There are 2 protein chains.
Amino acid sequence: MTFRGRTKKDVVAEFRHAEILDAARKVFADKGFNEASVDEIAHTAGLAKGTLYLYYPSKRDLYWEALKSGLEALCTRLEGEVQAARDTETKIRTFMTTKLSYFEENRDFFKIYYAEFGHASVHPAYFHKDFQEYHVRQIHLVKSALQDGIRHGSVRDLPLEATAFAIVNLTRGIIAQRLLGWVSTRIEEDAAFMFDLTWKGIARR
Amino acid sequence: MTFRGRTKKDVVAEFRHAEILDAARKVFADKGFNEASVDEIAHTAGLAKGTLYLYYPSKRDLYWEALKSGLEALCTRLEGEVQAARDTETKIRTFMTTKLSYFEENRDFFKIYYAEFGHASVHPAYFHKDFQEYHVRQIHLVKSALQDGIRHGSVRDLPLEATAFAIVNLTRGIIAQRLLGWVSTRIEEDAAFMFDLTWKGIARR
DNA sequence: TGGGAAAATGACCAATCAGTCATTGTAGTG
DNA sequence: CACTACAATGACTGATTGGTCATTTTCCCA
């Protein structure tokens with residue numbers, strides 16, 4: 001019996017993959033790559049170590065898949081919501097708030113994601129490159145919004161790349177600060193203020 | 001024979017400590033904490049492993065000392081130069097440019113420094129707290145400058161903490177981007193633009 | 001229900017490496 | 001020069017852990 005070409009076996013395998021990624025994300029976020037042991041990830045997923053190796057060929061691969069699946073979901077969501085926004089102001093605001101919401105729903109993922117920035121230089125080249133790609137996608141999204149804004153006159157003439165980077169980076173900062181528990185303000189306040197500051201900085205007057 | 005109460009032995013010991021920290025910074029920056037072996041650090045410093053343990057009690061301690069000495073120097077320099085600046089505008093600009101210069105002279109240190117942000121949550125509590133202290137010192141410096149600006153009317157009324165954080169974070173972003181080699185623009189351009197954006201965002205009009 | 005295939009298991013192996021310490025080298029002193 | 005106190009060494013050890021694979025369990029179909 002198959003359903004859309006997928007056998008029951010495929011469904012089970014897919015479920016296992018997702019289960020393992022979830023466990024991996026949890027443990028990697030808690031301990032970091034090196035301190036996390038494959039045994040612990042397996043047990044968190046309710047499996048034996050050997051089983052885990054039937055689904056992922058190495059610890060590194062597992063790590064990268066856990067990171068990548070989160071990045072893919074984040075980027076897709078950002079692209080969807082930002083592109084749906086009407087004007088530049090809303091697009092920029094949406095970028096910030098969407099990312100913050102995603103953070104609140106996926107703290108584990110963000111811990112891994114931001115830890116990776118500090119590490120990218122020690123990882124193998126192929127890894128680094130894929131990682132960078134996701135960064136570029138986000139920058140590109142903001143750049144497009146800014147370009148529209150400049151064309152329509154709501155945004156002053158600015159170097160696109162640098163401005164987009166500043167916006168992505170400010171958002172990053174708010175999240176990183178909260179990950180480290182160095183802040184007690186409400187997240188909406190932070191977001192609102194960050195947007196105000198940004199808009200004052202880039203809007204035409 | 002002593003000089004200001006320090007024997008020749010003390011001088012040699014101090015020199016060894018500095019030598020080892022330098023080597024440690026180099027290797028940790030290159031490989032990250034876990035991939036760096038104590039053996040490699042010792043050999044980079046031109047010593048045997050056992051000797052290194054005469055000066056630092058553990059790999060972790062060595063790591064923290066390498067990080068801390070750099071942080072101390074950075075903070076001292078920032079405080080000196082920023083407080084010497086006359087008006088708020090110059091203070092903010094000085095904060096940014098001084099940090100960028102320090103980065104260009106101490107790439108190794110910054111690699112460790114920024115890698116640590118992603119890791120702070122997995123390190124022991126005492127470590128985390130000391131690390132945070134240096135962050136607070138920088139935030140405080142910028143906050144004071146902003147407060148002066150508000151008092152004198154050059155800066156609009158803003159939430160100090162959040163604004164200071166945004167400024168520190170923007171600077172961080174410029175540096176991080178360059179560490180990762182994701183950028184080809186001249187650093188002075190980046191700095192000038194970043195300041196322009198910030199000042200437009202915070203100045204009274 | 002029985003048999004065969006696929007999935008799951010966890011004891012095991014090999015490699016790595018932080019930290020130790022018995023031994024060797026050296027500098028200062030009388 | 002001889003002696004001592006301290007600095008330096010690096011072979012060694014114990015602990016950890018990524019990855020393997022022979023064995024056991026589960027599942028499915030005839």
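Two residues are taken to be in contact if their C-beta atoms, placed from the backbone, lie within 7 Å. The structure is a predicted model, in which local features need pLDDT of at least 70, side-chain atom pairs count only at pLDDT 80 or more, and totals for chains, interfaces and linings use all residues. Residues are numbered from 1 along each chain as its sequence is written, while chains are lettered from A and ligands numbered from 1 in the order in which they are written.

Between the two protein chains, 35 residues of chain A are in contact with 35 residues of chain B. On the side of chain A that touches chain B, at least two residues each come from helix 1 (8–35), helix 6 (107–117), helix 8 (160–179) and helix 9 (187–202) of chain A; helices are DSSP runs of H or I with at least four residues, numbered from the N terminus. Helix 8 of chain A gives the largest share of this side, ten residues. By class, the side of chain A that touches chain B has 17 nonpolar, twelve polar and six charged residues. Here Ala, Val, Leu, Ile, Met, Phe, Trp, Tyr, Cys and Pro count as nonpolar, Asp, Glu, Lys and Arg as charged, and the others, Gly among them, as polar.

Chain A is superposed on chain B by a rotation of 180 degrees with 0.0 Å of shift along its axis, at an RMSD of 0.0 Å. This is the relation of a two-fold axis. The superposition is by least squares on the C-alpha atoms of residues with pLDDT of at least 70 in both copies. The C-alpha of A:G201 is the one in chain A nearest the axis, 2.0 Å from it. Both copies use the same surface, since 100% of the contact residues of chain A recur in chain B.

DNA strand C is surrounded by 17 residues, the closest being A:A48, A:G50, A:T51, B:V38 and B:G50; a residue is near a strand if its C-beta atom, placed from the backbone, lies within 6 Å of it. Helix 1 and helix 3 of chain A, together with helix 2 (38–44) and helix 3 of chain B, each supply at least two residues of this surface. Its largest share, four residues, comes from helix 3 of chain A.

Around DNA strand D there are 17 residues, of which A:V38, A:G50, B:A48, B:G50 and B:T51 come nearest. Helix 3 of chain B provides the largest share of the surface near DNA strand D, four residues. The surface near DNA strand D comprises five nonpolar, five polar and seven charged residues.
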